[in-house]
Amino acid sequence: LRRGEGGACGLLAFDEAHRVKNVGETMVVEGGEDTQQSRGSGGSRAGICGLELQRLCPGAAVLYASATGATELKHIAYMERLGLWGAGRPHASFDDLRAAIESGGLAAMELLAMTMRAEGMLSCRSLSFRGAGFRLMDVPLEGPLLN
């Protein structure tokens, strides 16, 4: 990051982003534009720090990279920069989005995933095992391998 006019700018790359997923049940932003502080209940240190870093660097682009998908909607609460909620979106807060998705069930979750793919927020890849082979072998363990 480099300090520029209006705050730090550059790229915040969250590799293994799923490790930041626990921001707690709620993250409340208090104060004005210059005095924002976050307060969460039950969040992990990594989750809260990741969220605060994003908020402290409003001019920085953010990349979330993870091979682990979100199994629950609350696992994407730290992804504020995706623009799924907030000003100009149908849901004012993450809690509003979560309530709407939970009331819509599986169909709403699928619609959210389709929206994320269509808007370039989500790219899913899988490994191909084409041409791969395997064989079972008995390998005797000796010496230090036994410990």
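**View 1. Lys-21 in the loop between strands S2 and S3.** In this predicted model, Lys-21 sits in the loop that runs from strand S2 (7–15) to strand S3 (27–30). The residue is partly exposed, with a relative accessible area of 33%. Leu-51 is 30 residues away from Lys-21 in sequence, yet the two C-alpha atoms are 9.4 Å apart in space.

**View 2. The salt bridge between Arg-55 and Glu-80.** The side chains of Glu-80 and Arg-55 form a salt bridge, and their closest N and O atoms are 2.5 Å apart. Arg-55 belongs to helix H1 (residues 45–56) and Glu-80 to the loop between strand S5 (59–65) and H2, so the pair ties together parts that are 25 residues apart in sequence. The two partners can be told apart by their accessibility. Arg-55 has a relative accessible area of 17% and is buried, whereas Glu-80, at 25%, is partly exposed. The salt bridges in the model come to a count of four.

**View 3. The salt bridge between Glu-72 and Lys-74.** Glu-72 and Lys-74 meet through their side chains in a salt bridge, at 3.9 Å from N to O. Glu-72 is partly exposed at 39% relative accessibility. Lys-74 is also partly exposed, at 36%.

**View 4. The bend in helix H2.** Helix H2 covers residues 94–118, 25 residues in total. Where does H2 bend? The bend is at Gly-105 and amounts to about 130 degrees. Beyond the end of H2 comes Gly-120, with a positive phi near 80 degrees.

**View 5. Buried residues of helix H2.** Which residues of H2 are buried? They are Phe-94, Leu-97, Arg-98, Ile-101, Ala-108, Leu-112 and Met-116. Arg-98, one of these buried residues, has a relative accessible area of 15% and is shown again in the next view.

View 6. Asp-95 and Arg-98 are joined by a salt bridge between their side chains, with 2.9 Å from N to O. Both residues lie in helix H2, where they are three residues apart, or about one turn of the helix. Asp-95 counts as partly exposed at 32% relative accessibility, while Arg-98 is buried at 15%.

**View 7. A nonpolar patch with three leucines.** Leu-141, Leu-145 and Leu-146 form a nonpolar patch on the surface. Together these residues have about 330 Å² of accessible area. Leu-146 is placed in the segment after H2. At 58% relative accessibility, Leu-146 counts as exposed.

View 8. How many disulfides does the model contain? The count is zero. A disulfide is a covalent bond between the sulfur atoms of two cysteines; the cut-off for counting one here is a pair of cysteine sulfur atoms within 2.5 Å. Is Cys-57 buried or exposed? Cys-57 is buried, and its relative accessible area is 5%. Cys-49 is partly exposed, with a relative accessibility of 48%.

Notes:
Residues numbered from 1 in each chain as written. Predicted model: local features only at pLDDT ≥ 70, side-chain atom pairs only at ≥ 80, totals over all residues. Heavy atoms only, no water. Helix = DSSP H or I, 4+ residues; strand = E, 2+ residues; numbered from the N terminus. Expected span 1.5 Å × (residues − 1). Bend = angle between axes of the 7 residues up to and from the residue. Buried < 20%, exposed > 50% of the residue type's maximum accessible area, 1.4 Å probe, protein only. Patch = residues over 30% accessible without salt bridge, like charges linked within 9 Å, V, L, I, M, F, W, Y side chains within 5 Å. Areas by Shrake-Rupley, 256 points an atom, 1.4 Å probe, with all protein chains shown as cover.
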